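Me: I've got this model open and I'd like to know what the labels on its holes and contacts actually rest on. Can you take me through them?

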Amino acid sequence: MTTSPRLLVRLPLGALSGLLAGFAALAVAELVSVAVRPEAGPITAVGGAAIDRTPTPVKDWAIRHFGEDDKLVLQLGILAALAALAVVLGLVALRFRRIGAAGVLIFGAVGAGAAVTRPDSAGITDALPSVAGAVVAAALLYYLIGRLTGPPRSGATQVAPGSGPSWDRRGFVIGASAAAAGSLGIGALGRYLTDHSSRAAVASRNAVTLPPPASPAAPLPSGTQLQIPGISSFTTSNKSFYRVDTALVVPKVDAATWRLRIHGEGVTRPLTLTFEDLLRRELIEREITLTCVSNEVGGPYVGNARWLGVRLADLLAEAGVRPPSAGGPADQLVSRSVDGMTLGSPVETAMDGRDAMLAVGMNGQPLPFTHGFPVRMIIPGLYGYVSACKWIEDIELTTFADYDAYWVKRTWARKAPIKTESRIDVPRPLSRSQAGTVMVAGVAWAQHRGIDRVQVRVDDGPWQDADLATEATIDTWRQWSYPWNATSGSHTLTVRATERGGRVQTEKRTGTVPDGASGWPSVVVTID
Ligand SMILES: Nc1nc2c(c(=O)[nH]1)N[C@H]1C(S)=C(S)[C@@H](COP(=O)(O)O)O[C@H]1N2
Ligand SMILES: [Mo]
């Protein structure tokens, strides 16, 4: 004979019911999202909405503290919140079965709302994953809680008359087990199908043979790379190149079906280009150092690569675009990516003769998916958020007065040329070295202006000229080194760079918002 489980048993089973319902919701939603759109899954949609709504200082803090793991941390946070919520709903349902189930539906509506309002939303169908997940989960919760609290059903275990409410232990165990197994199976199927759908993109990337550039990068002059342990390699490998973007799921774009549209104000011949179209054009190859506006003084979000691509100014000219200085009506070029990101760059800068390009290659490889395959923009001298659109699919000519891009809506500057900066790579902060010659070394950058001088100061001593590595181009960073005759004690090393033309890197310390951090980097070291 089974009587109603005591509170100590009922509460955990209610919580378990909630968790199983939540798990089923996610599994079903993710499976349905494969059919609809992978980005329409509730975790991705809610996470994306959260990223977009996070106040800039918090986002900046998250990037600083979690670095490139920021998105993983966010997803784990969402999962933890969902789990807590599922437990609460399970417990509520013990008392109020309908309200618990309705609560599940409400959270499904939140997921659906987030999905359809994402900038890359395909419309109302994006609600389907969340809705399907929520309906299944609500039904499951209703059923499981019913086993815990409901009256004995005919055919259930025999109950002595008058013994009070009973619970269907067997029904609960079977239902819960079936739900867990079913969710696991559905989840696995969803995962398998997701991998399968990205296979076309992977195959299209594997099939790319990058043509040789019509205008190759000059071979790196000898002396560009100093032989000093711990200094940033002049060329940053694709694997170690920093990654900064808002994409929770790295877009896997099939190059075979990819198209780029160029249109808007002053465009007399709108263009639609395929990936093959781009590869057939004259390609340029250039060394360019990319920097993120979120890079703190001394921070890691800067890297140099050899980019291969199509000159952006040529494509724009072909579309009939004239820069404002030649009477063109558009002063802003808005790039849009497949995941709905928007970046605004000055048309004047893109067409002023610098090597702005639509890049297809990075260090001799097709772009990695994380860095924008199949095509991204690169404009030397501008921070990434106003130039380096990854997974680009649309270029619209407009004005700064008429349109604010994604980060501009979130308090960052409309225009953001890269500030002259330097970084001490060695010695590491708070490291210990032996008295004698200690190599102080690092990198300095002032893209599209060039670095002419780097100076090092020990404590409050005079500024000493560092030795500069050979310059590759004015668009790249430059290594430097200073053999320091170190004496024992604690010392502060400070560095500053001077750009071509004589302007010294400003001492003024500012944070990253709104247009990039400034100030002199320093490290404190101990000499034994
Ligand atoms: N589609 C898309 N492109 C993007 C971003 C993004 O979030 N989405 N981030 C930009 C920013 S802020 C920077 S600094 C560079 C970083 O490029 P990387 O990840 O290849 O280093 O990409 C830019 N392009
Ligand atoms: Mo950035």
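**Holes, domains and a helix pair**

Me: How do the residues lining the largest cavity divide by class?
Reply: Seven are nonpolar, four polar and five charged. Nonpolar here takes in Ala, Val, Leu, Ile, Met, Phe, Trp, Tyr, Cys and Pro; Asp, Glu, Lys and Arg are charged, and the others, Gly among them, are polar. Keep in mind that this is a predicted model, where local features need pLDDT of at least 70 and side-chain atom pairs pLDDT 80 or more, while totals for chains, interfaces and linings use all residues. Residues count from 1 along each chain as its sequence is written, chains are lettered from A and ligands numbered from 1 in the order written, and side-chain values use heavy atoms, leaving out hydrogens and water.

Me: What makes that space a cavity and not a pocket?
Reply: On a 1 Å grid over the protein atoms alone, a cavity is a set of points where a 1.4 Å probe fits but cannot get out, whereas a pocket is an open set with protein on both sides within 12 Å along at least five of seven lines. Three cavities of 30 Å³ or more turn up in the structure, and the largest holds about 210 Å³. A volume is the space filled by probe spheres set on the points, which are joined across faces, edges and corners.

Me: Which residues are said to line the largest cavity?
Reply: A lining residue has an atom within 4 Å of a point. There are 16 of them for this cavity, with Arg-118, Asp-120, Thr-246, Ala-247 and Asp-339 nearest its centre. Domain 1 (5–203) and domain 2 (259–410) each supply at least three; such bounds come from an automatic or database domain assignment.

Me: Why is the second largest cavity placed where it is?
Reply: Domain 2 (259–410) and domain 3 (421–527) both contribute to its lining, so it sits between them. Among the lining residues are Thr-291, Tyr-383, Glu-421, Trp-445 and Ala-517. This cavity has about 60 Å³ of space.

Me: And what about the largest pocket: how do you know where it lies?
Reply: Its lining takes residues from both domain 1 (5–203) and domain 2 (259–410), so it lies between the two. Its volume is about 1,200 Å³. Of its 40 lining residues, Pro-38, Glu-39, Thr-44, Thr-194 and Val-249 are closest to the centre. Helix 7 gives the largest share, nine residues. Helices here are DSSP runs (H or I, at least four residues) numbered from the N terminus.

Me: Which helix gives most to the second largest pocket?
Reply: Helix 3, with six residues, the largest share of that lining. The pocket has about 740 Å³ of space.

Me: What makes helix 2 and helix 4 a packed pair?
Reply: Their axes are 10 Å apart, at an angle of about 115°. Axes are lines fitted to C-alpha atoms over the stretch in contact, and angles run from 0 to 180 degrees between N-to-C directions. Contact means heavy atoms within 4.5 Å, and residues that meet include Ile-43 and Val-46 in helix 2 and Leu-74 and Ile-78 in helix 4. The contact residues comprise eight nonpolar, two polar and one charged.

How values were computed
Helix = DSSP H or I, 4+ residues; strand = E, 2+ residues; numbered from the N terminus.
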